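Please keep the viewer open as we go.

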Amino acid sequence: MMLKGRATAEATAKYASRFPELPGNFRPALGVSVSSIGIGTYLGEPDEETDRAYEEAIKASLRGGINLIDTAVNYRFQRSERNIGKALGELVAAGEIEREQVVVATKGGYITFDGEVPPNPRAWFEEHYVKTGIVSPADLVDGSHCMTPKYIGTMLELSRRNLNLETIDIYYIHNPETQLEAVDRKEFLKRTATIFEFLEGAVANGKIGVYGTATWNGFRAAPTERGWLSLDELMRTAREVAGDAHHFRAIQLPYNLAMPEAVTRSNQFVHAGKATPLAAAKAFGLAVCASASLLQGQLSRGLPPIVANAFGGFKTDAQRSIQFVRSTPGVDVALVGMKSVDHVRDTLETARKPPATVEELMRLFQQGEEP
């Protein structure tokens with residue numbers, strides 16, 4: 001049976017109270033208390049060894065003070081979602097945690113296989129997606145992305161089964177900017193409205209709590225670029241679909257020491273003025289999850305001395321990189337991919353210190369500007 005319920009203010013506050021040794025780790029977002037660090041589940045081979053490692057890492061995260069889990073239906077061909085479902089289900093069954101204490105986010109948009117790459121991928125795709133009427137070849141962009149209610153609906157049901165959850169807390173459309181490679185902006189917004197309408201129905205039916213967009217390039221691009229996403233346009237689309245009571249409430253974008261555009265590029269428009277993506281998200285009341293905090297491990301070592309000078313008291317560059325992301329005003333959760341218990345423990349060392357102050361963050365930027 002699927003786990004019932006979704007994250008609640010009361011339950012997440014109760015969870016947060018268990019970790020007084022993590023000062024400033026929990027902050028309000030989407031009406032609940034979320035940890036400043038979330039566990040991501042993107043990387044890794046689609047094999048049983050990685051499955052076991054992820055399950056143990058997820059359990060260690062939930063036991064240690066991390067209560068946001070991020071995934072996608074296509075991550076490791078559905079295996080990451082299934083690992084989350086198993087790990088969370090076992091902890092709930094054992095009475096170690098309550099379903100309502102955890103925020104689970106997943107995504108749909110990319111075509112996915114089932115557990116592994118089939119011997120003949122094209123034939124498998126035809127059999128499982130085209131012949132069943134889930135996808136029309138004309139719906140595909142770049143041979144891998146689909147943004148129709150039929151497809152997203154199918155992926156949502158698949159994710160609910162994989163995660164063993166009756167209600168998914170956050171459901172993202174995965175990299176919607178991919179669609180702009182094939183259609184103009186007017187058509188893109190029309191497709192977006194159709195998807196938002198479907199997702200509002202999913203909220204009404206208790207299948208998701210809120211929805212949003214998880215992007216890679218969209219919110220970092222310049223307005224002159226084809227793949228640029230406008231938060232103002234997305235918010236207006238949500239209001240046109242469901243009024244002020246809409247449930248478009250969260251975004252995800254990469255942000256780290258090597259990709260700082262979320263705070264350095266004023267590419268969004270709010271009240272006829274320019275704003276950075278983080279400032280615009282705050283103005284629109286959106287929760288923000290920052291992905292790629294370690295840029296797939298590239299920022300875990302070998303950082304310049306100015307980073308260590310800005311963030312004293314940390315043992316590793318990985319901890320300093322995470323501290324930078326989770327301390328940035330406007331970021332609610334810094335996502336860190338973790339598929340080992342040791343990695344979880346090292347990451348939680350960051351949460352044992354309060355988030356950096358604005359002055360400390362500015363010291364890093366100022367040092368970087370020195371000749």
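Helices (H or I, at least four residues) and strands (E, at least two) are DSSP runs, numbered from the N terminus. This is a predicted model, in which local features need pLDDT of at least 70, side-chain atom pairs count only at pLDDT 80 or more, and totals for chains, interfaces and linings use all residues. Residues are numbered from 1 along each chain as its sequence is written, and side-chain values use heavy atoms, with hydrogens and water left out.

Helix α13 (residues 358-369) is where you will find methionine 362. This methionine 362 is partly exposed because its relative accessibility is 39%; buried means under 20% relative accessible area, exposed over 50%, and partly exposed in between (1.4 Å probe, protein chains only).

Now turn to the sheet. Eight strands form a closed barrel in the order β3-β4-β5-β6-β7-β8-β11-β12, with parallel pairing (two strands pair if DSSP finds at least two bridges between them). On average, neighbouring strands of this sheet are turned by 30 degrees against each other, direction ignored. Strand β11 (residues 287-291) pairs with strand β12 (residues 333-337) in the parallel sense over two bridges, and valine 333 in β12 is the bridge partner of cysteine 289.

Finally, look at two loops. Arginine 76, in the loop between β4 and α3 (79-93), has a positive phi of about 50 degrees although it is not a glycine. Arginine 76 is buried, because its relative accessible area is 5%. Asparagine 164 sits in the loop between α5 and β6, and its phi, also positive, is near 60 degrees. With 25% relative accessibility, asparagine 164 counts as partly exposed.

Notes: Axes fitted to C-alpha atoms, helices over the stretch in contact; angles between N-to-C directions.
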